[in-house]
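Please look through the structure below before reading on. The report that follows takes up a few residues and elements in turn.

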Amino acid sequence: MGSLVRAGIGLAIGGAAIALVLAAGGITYRAWQAGEGVSAPTRTPRERAYVVETATLEAVTVTPIVTSYGRLESGRTLELRAVLAGPLVELSEAFRDGGAVADGETLYRIDPSKLETALALAETDVAEAEAALAETHAALNLARLEADAARQQLDLRDQALARQTGLRDRGVATEADLEAATLARAAANQTLINRQQVVAGDEARVAQAEITLRRREIALVEARRTLDETSVTAPFAGVLADVTAVPGGLVSSGEQLAVLI
């Protein structure tokens, strides 16, 4: 009996001791976890200071410099080609690569001697055609005068024939007189027809002479235009490039001598 009581008391004391140990361990574990979660005390950061330069604001005009890359192209480009063939007798001092020319400046001139001769011949042809036209007009005027005279003769022959017819009806004139008047009237009529044919021929010759004159005048204008083409001027101011012409050089029709940019 006494031993059982002592055993129970010992078990109770042991259980209490174990419970105290477990409680202490739990407290220690919780304290250790709480210690890890506590951060170090934070420090208040110091205010940062910046160093800047100061200046007085003034209004100024600034021209920016822009650097870009690309390709320049000419707004107007003209190929200078020889319209006529021949030697170059005149060449501008600026007719070289990079040479600057002004608007209306004479660039080059081709030998005009043959074309000047052709122009003189064309002027002579026109003068000859004008003389021929004047001659045909004069001939036409004379032919018209002769035709008028032939018409007057015919009128007189008509009157004579009518008078002879009247005399014959009254028994005064003979048949021979009437026949002679009739033949004279027929001859006058034939003369008038011949004169009218001459007038028609002269009118045709006048028309032909006028056509010939117009052709000669057209040839004269063409000769002057061709002569003007021996001298070439710059249609606008620019710079020359790809120059191939040299003083005294012989050029062919359509040959490119330079490029005006």
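This is a predicted model: local features need pLDDT of at least 70, side-chain atom pairs count only at pLDDT 80 or more; totals for chains, interfaces and linings use all residues.

## A buried aspartate in a helix

Is Asp202 buried or exposed? Its relative accessible area is 6%, and because the cut-off for a buried residue is under 20%, Asp202 counts as buried.

Once the neighbours within four places in sequence are left aside, the residues in contact with Asp202 are Ala139, Leu140 and Ala143.

## The pair of helices H2 and H3

Helix H2 covers residues 113-169 and helix H3 covers residues 175-228, and the two pack with their axes 6 Å apart, at an angle of about 165°. An angle over 145 degrees counts as roughly antiparallel, which means that H2 is roughly antiparallel to H3. The crossing of H2 and H3 is left-handed, and the residues of the contact of H2 with H3 comprise 30 nonpolar, eleven polar and 22 charged ones.

Ala223 also belongs to helix H3, and with a relative accessibility of 12% this residue counts as buried. Setting aside residues up to four places away in sequence, Ala223 touches Ala118, Leu119 and Ala122. Ala223 and Leu156 are 67 residues apart along the chain, and their C-alpha atoms are separated by 56 Å.

Asp158, by contrast, is a residue of helix H2 that counts as partly exposed, at 29% relative accessibility. Between the C-alpha atoms of Asp158 and Glu93, which are 65 residues apart along the chain, the separation is 86 Å.

In soluble globular proteins, nonpolar side chains tend to be buried together. In this model, the largest nonpolar core has 20 residues, of which Phe95, Tyr108 and Leu240 touch the most other members. Strand E4 (106-110) and strand E8 (256-260) are the elements that give two or more residues to this core. There is also a second, separate core of 15 residues, and among its members are Leu119, Leu140, Val199 and Ala209.

What does Leu240 touch, not counting residues up to four places away in sequence? Its contacts are Leu80, Ala94, Phe95, Arg96, Asp97, Gly98, Gly99, Val101, Ala258, Val259 and Leu260.

## Two exposed aspartates in loops

One of the residues touched by Leu240 is Asp97, which is placed in the loop between strand E2 (86-91) and strand E3 (100-101). Asp97 has a relative accessible area of 53% and is therefore exposed, since the cut-off for this class is over 50%. Apart from residues up to four places away in sequence, Asp97 touches Leu240, Ala241, Asp242 and Val243. The C-alpha atom of Asp97 is separated by 70 Å from that of Ala143, although the two residues are 46 places apart along the chain.

Asp242, one of the residues that Asp97 touches, lies in the loop between strand E6 (238-241) and strand E7 (250-251). Asp242 is likewise exposed, with a relative accessible area of 52%. What is the phi of Asp242? The angle is near 55°, which is a positive value in a residue other than glycine.

Conventions
Residues are numbered from 1 along each chain as its sequence is written. Side-chain values use heavy atoms; hydrogens and water are left out. Axes are lines fitted to C-alpha atoms, for helices over the stretch in contact, and angles run from 0 to 180 degrees between N-to-C directions. Helices (H or I, at least four residues) and strands (E, at least two) are DSSP runs, numbered from the N terminus. Angles under 35 degrees count as roughly parallel, over 145 as roughly antiparallel, 65 to 115 as roughly perpendicular and the rest as oblique. A crossing is left-handed if the near helix is turned anticlockwise from the far one by less than a right angle, and right-handed if clockwise. Ala, Val, Leu, Ile, Met, Phe, Trp, Tyr, Cys and Pro count as nonpolar, Asp, Glu, Lys and Arg as charged, and the others, Gly among them, as polar. A nonpolar core is a set of buried Ala, Val, Leu, Ile, Met, Phe, Trp, Tyr and Cys residues joined through side-chain atoms within 4.5 Å. Buried means under 20% relative accessible area, exposed over 50%, partly exposed in between (1.4 Å probe, protein chains only). Contact means heavy atoms within 4.5 Å.
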